[in-house]
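Morning, everyone. I have one model to walk through today. Let me put it on the screen.

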Amino acid sequence: MTLTSVESRPERHSRRAGLTMLELLVVLSVIGLLLALVLPAIGQARAAARRSACQNNLRQLGLAMQMSADTHRRYPASGHWGDHERGDFDPYRSWVVDLLPWLDQATLYEKWNLRESCVATGNFEIGQRRLEVLVCRDDDSAQGGGDLSYVVNGGWGYTVAWNGVADCPV
């Protein structure tokens, strides 16, 4: 019986570093499965956050409307139209302008010329500003400045100046 040296014996199991192709495919499929489970949950969380933001906007508008009603002893008109004595029946402003002081936009309200049309130079630029409280993020129709996602059912709330009396219903 002869002794063979360790160097001369062939190794049955060689040690290798890294992953085989099969192991790599298994790891990638597990990661893909986890992503497939997590991504819809992330989308649902984002949708819930957008829905919550829209509900908060409605809450802020409702509070502003109630504060305006408490101050003026009536709800704001859905719109104000021109001055009959001047023969002017252009739209002057909507309910949004009347709520600006209670929406932390008092500076915009002060800049708005209540005696001029909404298309007058100064008023038009103010009216084109985008106020986040007025736009729901899920509203696909909101594309630029001056967008409005929420409406008010004003009924007969449009007003006009008539014979020196302001805020007469049309």
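**The disulfide**

Cys54 and Cys136 form a disulfide, with 1.7 Å between their sulfur atoms; the cut-off for a disulfide is a pair of cysteine sulfur atoms within 2.5 Å. Cys54 sits in helix H1 (residues 21-72) and Cys136 in the loop between H4 and strand S3 (158-162), so the pair ties together parts 82 residues apart in sequence. Helices (H or I, at least four residues) and strands (E, at least two) are DSSP runs, numbered from the N terminus. The link of Cys54 and Cys136 is right-handed, with 80° about the S-S bond. The structure holds 1 disulfide.

Some ground rules. This is a predicted model: local features need pLDDT of at least 70, side-chain atom pairs count only at pLDDT 80 or more, and totals for chains, interfaces and linings use all residues. Residues are numbered from 1 along each chain as its sequence is written, and side-chain values use heavy atoms, with hydrogens and water left out.

Are Cys54 and Cys136 buried or exposed? Both are buried. Buried means under 20% relative accessible area, exposed over 50%, partly exposed in between (1.4 Å probe, protein chains only). Cys118 counts as partly exposed because its relative accessibility is 24%.

Next, Arg93. Arg93 lies in strand S2 (residues 91-94). Arg93 counts as buried because its relative accessibility is 16%. Setting aside residues up to four places away in sequence, Arg93 touches Gly79, His80, Asp98, Trp112 and Leu114. Contact here means heavy atoms within 4.5 Å.
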